[in-house]
Amino acid sequence: MDMMSIGSAILLIAMIVMVAPRVKHAVQNSPKGSSNDWLLAGGLIFAVAVFVYALMKMV
Amino acid sequence: MNEDVLSQSVAQSSTLATNKLIRNTYSLLSMTLIFSAMTAAASVYLSMPPMTYLICIGLAFVMMWLVLPRTANSGAGLGVTFAITGLMGFALGPILSMYLALPNGSSIVGLALGGTGTIFLGLSGYALMTRKDFSFMGGFLMVGMLTVLVAALANIFLQMPALQIAISSVVIMIMSGFILFDTSRMINNPQQTNYIMMTVSLYLNIFNIFVSLLQLLGIASSDD
């Protein structure tokens, strides 16, 4: 295992430790969305996925 | 009558606060993106080694976690924002040098840049125009981000190319969700949003989309 991998692993572990409490807070305190809200958000993210796929086909 | 005037005045001050926050955030974001591009160009010109990426990202995250929250409400926060985004731009140097060395490297970098700009402007523009509240996505996006971090950590040991493609794809989708979430936070909750923190947050979304898109386009071009 090279230095780059060890450094990346340390950085990722630090990020996980820092992010974990915020995840718990966000899950407990986020307002609930309706099915229409989720459908709209999912549709927008799906459009991004299609756009990225089109870019990948272009290169 | 008095109540009508009062509620009208509260609504007007809320609109002014929102407009000011949006204007300040996008102005600072534009300046940090230009500064970041300049430090990235310097890093490419100096042919920085791959370890630069790790060191600069590590320093930027330490500043983000320890320094930025303490300075975000003062003038020093602006300097910290430029330091963070400058470091992250400088970190991009080794990655950009690697892709630019490929036969169609400049077109991959250009496409990743254009693609990132289109995704950001499209989603942020949508949230701004419709003024829709995307705050319900907060918990889902945070869980997604934690899952991606754990998967990326596992892939350091597993070294699976398919998992790397999946991680890059999911990062783009999660960061797209964060663009909607952050932009709607500026519109629907301006009193509890600081423009310096918001700029760094939007910058991180753009940075992660650009790096992941670069990886996906690089993989797609090597498959041909």
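**Notebook: chains A and B**

I started with a bend: α3(B) has a kink of about 35 degrees, centred on B:Pro94. A reminder to myself is that this is a predicted model. Next I looked up the span of that helix. Helix α3 of chain B covers residues 76-100, which makes 25 residues. From first C-alpha to last, α3 of chain B reaches 36 Å, close to the 36 Å expected at 1.5 Å a residue.

Then I turned to where the chains meet. I found 43 residues of chain B in contact with 38 residues of chain A. I noted that the size of an interface is often given as the accessible area lost when the parts come together. Here the area buried between chain B and chain A is about 3700 Å², and carbon and sulfur atoms give 88% of that.

I also checked polar links. Between chain B and chain A I get 2 residue pairs in polar contact, both at pLDDT 80 or more. Which elements give two or more residues to the side of chain B that touches chain A? My list reads α2 (51-71), α4 (105-130), α5 (138-158), α6 (161-188) and α7 (195-223) of chain B. The largest share comes from α5(B), with 13 residues. By type, this side of chain B divides into 32 nonpolar, 9 polar and 2 charged residues.

One pair crosses between chains, from B:Lys132 in the loop between α4 and α5 of chain B to A:Asp37 in helix α2 (residues 35-58) of chain A. I wrote down 2.8 Å, N to O, for those two side chains. The count between chain B and chain A is 1 salt bridge.

Definitions and conventions
Residues are numbered from 1 along each chain as its sequence is written. Chains are lettered from A and ligands numbered from 1 in the order in which they are written. This is a predicted model: local features need pLDDT of at least 70, side-chain atom pairs count only at pLDDT 80 or more; totals for chains, interfaces and linings use all residues. Side-chain values use heavy atoms; hydrogens and water are left out. Contact means heavy atoms within 4.5 Å. Buried area is the accessible area (1.4 Å probe) that two parts lose on being put together, summed over both. A salt bridge is a side-chain nitrogen of Lys or Arg within 4 Å of a carboxyl oxygen of Asp or Glu. A polar contact is a pair of N or O atoms within 3.5 Å; within protein, one must be able to donate a hydrogen and the other to accept it, and residues adjacent in sequence count only if both atoms are side-chain atoms. Helices (H or I, at least four residues) and strands (E, at least two) are DSSP runs, numbered from the N terminus. Ala, Val, Leu, Ile, Met, Phe, Trp, Tyr, Cys and Pro count as nonpolar, Asp, Glu, Lys and Arg as charged, and the others, Gly among them, as polar. The expected span of a helix is 1.5 Å times one less than its number of residues. The bend at a residue is the angle between axes fitted to the seven residues ending there and the seven starting there.
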